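Here is a short briefing for anyone meeting this structure for the first time. Have a look at the sequence and the 3D view, then read on.

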Amino acid sequence: MVEVEELFGRLRRYPDVEAVNLYAVDAADRLLLDVAADSLAAAGDGRVAVIDDGYGALTLGTVAAHDLHGVRVHQDLLTGELALANNARAAGLTDRYGVHELGRGLLEDVRVVLWRLPRALSGLAETADAIARFAAPDVEVFAGGRDKYLTPAMNEVLAESFGSVRASRGRQKSRILLATEPKPVGEPRFPMRNKLDDRELEVVAHGAAFSGPRLDIGTRFLLDYLKRMKPDARDAIDLGCGTGILAVALAQSRPGIRVTATDQSAAAVASTRATAELNAVADRVTVLRDDAMSGAPDNSADLVLCNPPFHVGAAVHTGSAIKMFQQAGRVLRPGGELWTVYNTHLNYRGVMERMVGKTDVMGRNRKFTVTRSVRGLHDVRE
């Protein structure tokens with residue numbers, strides 16, 4: 001077997017953004033594995049689940065330290081799933097784990113859960129409910145993260161699904177919450193539904209989907225420009241679709257358009273599919289789990305809509321947004337348009353000029369800027 005620290009020294013984040021201040025393994029991963037060590041050793045094959053493992057440290061660390069088979073894994077983000085696959089292949093451990101959706105197949109009869117806590121309380125609530133609903137009655141849940149992202153509200157949310165929730169001692173600015181004694185469960189709370197008051201649109205949202213069933217203020221601002229977005233567009237892409245509000249609103253407003261909605265989040269993809277179906281546009285909205293349109297052919301879209309993130313995981317970093325702009329420059333046809341809304345202080349305009357084409361500010365309010373970038377006749381990408 002591979003030694004754990006030797007394994008950690010070789011882990012990469014690829015295909016996610018890689019930079020000097022971004023890491024594939026951190027102190028919270030190490031603390032989780034240390035605190036759960038005895039439980040993992042006693043669990044046995046096929047009785048361990050790992051949820052939202054960043055880049056494979058928890059899954060591969062568990063396998064390497066305890067020689068386990070049949071570890072069940074769920075990662076909301078596709079980049080994390082692909083990074084785990086790459087790292088497992090490099091370590092010769094691809095046959096030790098299996099990928100599952102959040103639900104019974106992931107959790108049935110599981111005795112130990114390792115879980116990197118999400119920042120969104122709604123994502124925490126949906127996952128906690130699933131563990132309590134499907135895992136073994138004696139399940140031990142080791143949920144951890146960096147201190148700066150943990151809040152007392154997380155304990156309260158976990159306590160809705162578990163009779164006992166207690167915190168470990170901190171180490172290297174990280175901490176673990178240990179949840180046991182799953183409570184009886186009623187009807188699932190997720191996905192949630194919400195009718196937008198000022199629009200003929202009902203939103204469906206799983207817990208980990210950005211902004212939940214609400215209309216976030218950046219998307220609301222971008223929607224004000226929907227009629228001005230390349231009126232003759234036939235093929236459009238909602239890049240980073242979240243719950244699918246942009247994709248569905250565009251399909252509703254233009255009966256002849258075909259929209260592809262893409263996101264790397266499994267929760268977002270499930271939410272968008274449900275939102276499209278509920279609003280009767282599923283026949284014209286194709287939903288894909290993809291990393292920044294990497295699967296889309298060159299010169300295949302007339303219009304791309306994007307409300308990009310400014311985080312990579314928990315770290316503030318613009319790498320994901322820049323990757324999106326770069327891909328937009330590749331996917332747009334000559335004359336195609338990228339419409340973007342972003343926090344004004346990020347000043348993405350120059351980046352979009354280089355990676356897509358001529359970029360004009362179409363609107364600005366106290367917080368956000370909306371721009372239109374037009375792909376030129378010549379390749380302007382770097």
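Helix α2 (residues 27-35) lies across β4 (112-116), β5 (140-146) and β7, and runs at about 45° to β7. Please keep in mind that this is a predicted model, in which local features need pLDDT of at least 70 and side-chain atom pairs count only at pLDDT 80 or more, while totals for chains, interfaces and linings use all residues. Residues are numbered from 1 along each chain as its sequence is written, and side-chain values use heavy atoms, with hydrogens and water left out.

- Helices (H or I, at least four residues) and strands (E, at least two) are DSSP runs, numbered from the N terminus.
- β3-β2-β1-β4-β5-β7-β6 is the order of an open sheet of seven strands with mixed pairing; two strands pair if DSSP finds at least two bridges between them.
- The edges are β3 (97-99) and β6 (162-167), each with a single partner strand, so one side of each has no neighbour in the sheet.
- From one strand to the next, the twist averages 20°.
- β6 pairs with strand β7 (residues 174-182) in the antiparallel sense, over five bridges.
- In that part of the sheet, Phe-162 stands opposite Pro-182 in β7.
- Helix α7 (residues 121-134) lies across β1 (48-51), β4, β5, β6 and β7, and runs at about 175° to β4.
- For such angles, axes are lines fitted to C-alpha atoms, for helices over the stretch in contact, and angles run from 0 to 180 degrees between N-to-C directions.

**A second sheet**

- Another open sheet has seven strands in the order β12-β11-β10-β13-β16-β18-β17, and its pairing is mixed.
- Which strands stand at its edges? They are β12 (285-289) and β17 (357-364), each with a single partner strand, so one side of each is left without a neighbour in the sheet.
- The twist here averages 20° from one strand to the next.
- β16 and strand β18 (residues 368-375) run antiparallel and are joined by seven bridges.
- Leu-338 stands opposite Ser-373 in β18.
- α11 packs on this sheet, touching β11 (258-263) and β12, and its direction makes about 170° with that of β12.

- Ser-271 lies in helix α11 (residues 266-278).
- Ser-271 counts as buried, at 0% relative accessibility; buried means under 20% relative accessible area, exposed over 50%, and partly exposed in between (1.4 Å probe, protein chains only).
- Leaving aside neighbours within four places in sequence, Ser-271 is in contact with Val-204, Ala-205, His-206, Ala-209, Gly-242 and Thr-243, where contact means heavy atoms within 4.5 Å.
- A polar atom of the Ser-271 side chain lies 2.9 Å from the backbone nitrogen of His-206.

**Cysteines**

- How many disulfides are there? The count comes to zero, a disulfide being a pair of cysteine sulfur atoms within 2.5 Å.
- Cys-241 is in no disulfide, and the nearest cysteine sulfur, in Cys-306, is 11 Å away, which is too far for a bond.
- Cys-241 counts as buried at 7% relative accessibility, and Cys-306 counts as buried at 0%.

**His-345**

- His-345 is found in the loop between β16 (332-343) and α13 (349-355).
- With a relative accessible area of 63%, His-345 is exposed.
- His-345 and Val-99 are 246 residues apart in sequence and 39 Å apart in space, C-alpha to C-alpha.

How values were computed:
Polar contact = N/O pair within 3.5 Å; in protein donor to acceptor, adjacent residues only side chain to side chain.
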